[in-house]
Every structure is written in C-alpha cells, then in structure tokens.
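Here is a short briefing to read with the model open beside you. Take it one topic at a time and find each residue as you go.

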Amino acid sequence: MRPFELTAPPTVEAALAEPGAFLAGGTTLVDLMKLDVLTPAQVVDINELPLRGIDTGDGLRIGALERMSDVAAHPGVYPVISRALLLSASQQLRNMASIGGNLMQRTRCTYFRDVAVPCNRREPGSGCPAISGANRMHAMLGTSDACVATHASDLAVALVALDAQVRLVSAEGSRLVRLADFYRMPGDAPEVETDLRPGELISEVVVPRLDWASRSTYVKVRDRQSYEFALCSAAVALDVRDSRIVDARVAVGGVATVPWRLPAVEEALRGAPVAQASFEDAASLAAEGARPLSGNGFKVPLVKRTVVRALLELTEGSSL
C-alpha cells in the first residue's frame, strides 16, 4: 500500500470539500489500495458524519453510513433487502461495511484487481482480457466490447427491484437518482461506472412505500454457501390476490454489468395464476439480449431457473 494522508472532517460540508477517496467501512477501498488498484493520495474518513438512521414511516430511508448487519436486522426492512444483505460477504464484514459503500463497491473481476494485466475499467483503452480469457464469473447482459465485468452488490439488485433511489449531496445541494439510472453499463467508457459527479457523496437510500413487498425474497446461487459472490441471483416481490399475480418486481444479479431489472418477466407475471408453469413461462424471458462468453453460457439457463426458484420460494406452502 502506498503512503496517503488521512483526514476526518467533522461535517458533511467539510468532507465534500476534501479531494480524497471517502472511507466508511473500508471493506472495498482498503483491499483495492493494498493491491495498488486504487492509489489515493488522501483518504477522507466519513464515519463521524450524520448519515445514519433507518426510517420506516412512509416507505424506507436508510442512512448511507448504516452498517449492513444493522439494516438486515431492522424489523421494518423489506425481506428482499434483509435477505440480500444476509447473503452478502461474512458476518464480520457485514458488521463493518456501510450501505453507501456497498452500493459503490467495485467489480470483483480478477483482471480489474490485477495491476499486471490490462483492464479498461482501470486503464481506459488498455483492453479487456476477460472477453477471451477466464470469464466463468463474468456478465452476459449489458456487456460491450470494452468490458464484461459483473456488478458485485447483492443489495443493489434488491433495491433496483424495488425502484429505490439514492440521494446524492454536494456543495450545490442534493438530488435524488433512481438506482437503476445511477449505474452505467460499460459501453465504450467502462471506467465511468456510476452517475456520481465529482464532489458528490451518497447520503441515503430511499425506497418507495410498497406494502406488498412484504412478500419478497432474494435467492443467491454461488459456488459455496458462505462469503462468495453470485453466479446468479434473483430479487423478487409479488402482489398476489386470489391465487393470481396482480403485480411483480424482478431483478437479477451475477449475470450483468449492472443490477438488471426484468420488466418483460414482470409483465408476463401480471395477471398469471400462481403456478410453476406460469413462473417458467415468464422466466423464459429472463435472458433476453444475453451475449454469453466462452465460459459462462451456463448462466442463460441458470438465470431462468433462479427466477423460478425465487417465485416458488415466495408462493409454495402459503395461503394465497
């Protein structure tokens, strides 16, 4: 790790005036600094800033500095969010990692994290060796000829399914941005990963009120049961009345360059009876537009099966 200056501004305004990299839990930043992937000359500790709190009065508001484990355990948090958090990382990391930091975490692509090889996200224009290399864990949706790295956050998938927003603060004020719009697909500029502007900081996550999201879940398929990133995941919420689906929210992770909402699957579910055949018909649309790589073609059927599994988990054995 290279030398750096550490500061701890006492106010949000003072923190926004600092030119360095923001440090909350540090579970991503410190790792990447150790690898020389990120080499900030200044690190700004924001842990004492007033960016905490969980408000469930009308919808859900989560301060950016709330820890993942605390949010997961809060009784007013939708099940899909809580489950996505509990299936992330390890208990020790969940106790340290912040909500804002989780949403801003960088890809776990091995080429991005190895400074000895090219990577367009790390060094624009240097190339993407994953396209023809070891790409089993990589994306098949939202990719480009410049980058095929998957987005790493489980929480972001759940929040995108619920149409959540992030509040971004700067010296000029604040703005709300839909999380689905906040993340950028790589296109020809994969180094630009989000809509975060210079001098901005995530202050909170805002989830609109959705009473029927109490029936929601998050399914994560991975190579091992603990401390592993998703090969595929599915966040699902259902509004069911008289054994028929009135509305649905579906998003998937582990298969795309950003958290991937599935509006075609949602539309196919609306009005359908609660039955495995209906789920399979809707899930058949989950991989539309996919561009599988040499090592990850299995994700095409996997994403369909994962969506079906999540739907079944929500509906089997319950009175609908």
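Buried means under 20% relative accessible area, exposed means over 50%, and partly exposed lies in between, using a 1.4 Å probe and protein chains only. D36, with a relative accessible area of 30%, is therefore partly exposed. This is a predicted model, so local features need pLDDT of at least 70 and side-chain atom pairs count only at pLDDT 80 or more, while totals for chains, interfaces and linings use all residues. Residues are numbered from 1 along each chain as its sequence is written, and side-chain values use heavy atoms, with hydrogens and water left out.

Helices (H or I, at least four residues) and strands (E, at least two) are DSSP runs, numbered from the N terminus. Contact means heavy atoms within 4.5 Å.

**Loop residues**

- D36 sits in the loop between α2 (29-34) and β3 (42-45). Its phi is near 65°, a positive value in a residue other than glycine.
- L35 is found in the loop between α2 and β3. With a relative accessible area of 36%, L35 is partly exposed.
- Which residues does L35 touch, leaving aside its neighbours within four places in sequence? L35 is in contact with R113 and V115. L35 and R113 are 78 residues apart in sequence, and their C-alpha atoms are 7.0 Å apart in space.
- Y227 belongs to the loop between β9 (216-221) and β10 (232-241). Y227 is not a glycine, yet it has a positive phi of about 50°. Its relative accessibility of 43% makes Y227 partly exposed.

**Helix α4 and its partner**

- Two packed helices are described by the angle between their axes and the distance between the axes. Axes here are lines fitted to C-alpha atoms, for helices over the stretch in contact, and angles run from 0 to 180 degrees between N-to-C directions.
- α4 packs with helix α7 (residues 154-161) at an angle of about 170°, and the axes are 8 Å apart. α4 and α7 are therefore roughly antiparallel to each other. Angles under 35 degrees count as roughly parallel, over 145 as roughly antiparallel, 65 to 115 as roughly perpendicular and the rest as oblique.
- V80, I81, A84 and L85 of α4 make the contact with D154, L155, A158 and L159 of α7. Those residues divide into 7 nonpolar, no polar and 1 charged.
- Beyond its neighbours within four places in sequence, S82 is in contact with A72 and V77.

**Nonpolar cores**

- A nonpolar core is a set of buried Ala, Val, Leu, Ile, Met, Phe, Trp, Tyr and Cys residues joined through side-chain atoms within 4.5 Å.
- The largest nonpolar core has 76 residues, and I81 and V307 have the most contacts inside it. Helix α11 (residues 299-315) gives the most to this core, with 9 residues.
- Leaving aside neighbours within four places in sequence, the contacts of I81 are L60, L155, A158, L159, L162 and V207.

**Strands and sheets**

- Strands of a sheet pair through backbone hydrogen bonds, either parallel or antiparallel. Two strands pair if DSSP finds at least two bridges between them.
- β1 and β3 pair over 3 bridges, and L6 has V43 as its bridge partner in β3.
- Another open sheet has 5 strands in the order β4-β5-β8-β6-β7, with antiparallel pairing. Its edge strands are β4 (54-55) and β7 (173-178).
- Strand β8 (residues 201-207) is mostly covered, with 7 of its 7 residues buried. Strand β5 (residues 60-63) is joined to β8 by 4 bridges, and strand β6 (residues 165-170) pairs with β8 over 5 bridges.
- V206 in β8 stands opposite R61 and is the bridge partner of Q165. R61, in β5, is the bridge partner of D55.

Conventions
Ala, Val, Leu, Ile, Met, Phe, Trp, Tyr, Cys and Pro count as nonpolar, Asp, Glu, Lys and Arg as charged, and the others, Gly among them, as polar.
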